[in-house]
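I opened the model to note how the chain is put together. My entries follow in the order in which I looked things up.

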Amino acid sequence: MSSITCNYQQTVSVAERLSALADAACQHCGISSKDLLSHSEVLEVCAEEFSSDIASGQRELIPVALCPNCHKKHHLDARNNHNPCQITARDSREWLD
Ligand SMILES: [Zn+2]
Ligand SMILES: [Zn+2]
């Protein structure tokens, strides 16, 4: 299991995780699961926002495969603090733009 506290990993189903990891490369930096394995690391699953419904505020998430390094960054908020919810973390970064 991941050392990163990740809300999404608590809720993702096994099927969703397997299908995300079937791509077998980090969706951010492109490192393959084979390359990671040579550093004894594995891809981790997280989610990105696919769409959000403005009326209901409902957000649709899609699972993505990330290497541990990119996964960590995915959860950093604007102050470089770890946020278990990657969507809130990203929102806080975007406020700075
Ligand atoms: Zn990566
Ligand atoms: Zn995550």
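I began with the strand pairing and found that β1 and β2 run antiparallel and are joined by eight bridges; I took strands as DSSP runs of E of at least two residues and helices as runs of H or I of at least four, numbered from the N terminus, and counted strands as paired if DSSP finds at least two bridges between them. Ser-52 has Arg-59, in β2, as its bridge partner. The two strands make a hairpin with six residues between them, and in the turn I noted Gly-57, with a positive phi of about 75°.

Before going further I wrote down the conventions: residues are numbered from 1 along each chain as its sequence is written, while chains are lettered from A and ligands numbered from 1 in the order in which they are written. This is a predicted model, in which local features need pLDDT of at least 70 and side-chain atom pairs count only at pLDDT 80 or more, whereas totals for chains, interfaces and linings use all residues.

I then checked the confidence, pLDDT being the predictor's confidence in each residue from 0 to 100. The chain has a mean pLDDT of 88, with 95% of its residues at 70 or more. Confidence is lowest in helix α2 (residues 14-21), at a mean of 85, and highest in α4, at 96.

For the overall layout I recorded five helices and two strands, which follow the pattern α-α-α-β-β-α-α along the sequence. The radius of gyration is 14 Å, close to the 13 Å that the globule rule gives for 97 residues, so the chain is as compact as a globular protein of that length; the radius is taken over C-alpha atoms, and the rule is 2.2 Å times the number of residues to the power 0.38.

Next I looked up the largest nonpolar core, which has twelve residues, among them Cys-6, Tyr-8, Ala-20, Val-45 and Leu-66. β1 (44-52) and β2 (59-66) are the elements that give two or more residues to this core. Such a core is a set of buried Ala, Val, Leu, Ile, Met, Phe, Trp, Tyr and Cys residues joined through C-beta atoms within 7 Å. A residue is buried with 20 or more other C-beta atoms within 10 Å of its own, exposed with 12 or fewer, and partly exposed in between, the C-beta atoms being placed from the backbone.

Last, I turned to Asn-69, which lies in helix α4 (residues 68-74) and is partly exposed, with 16 other C-beta atoms within 10 Å.
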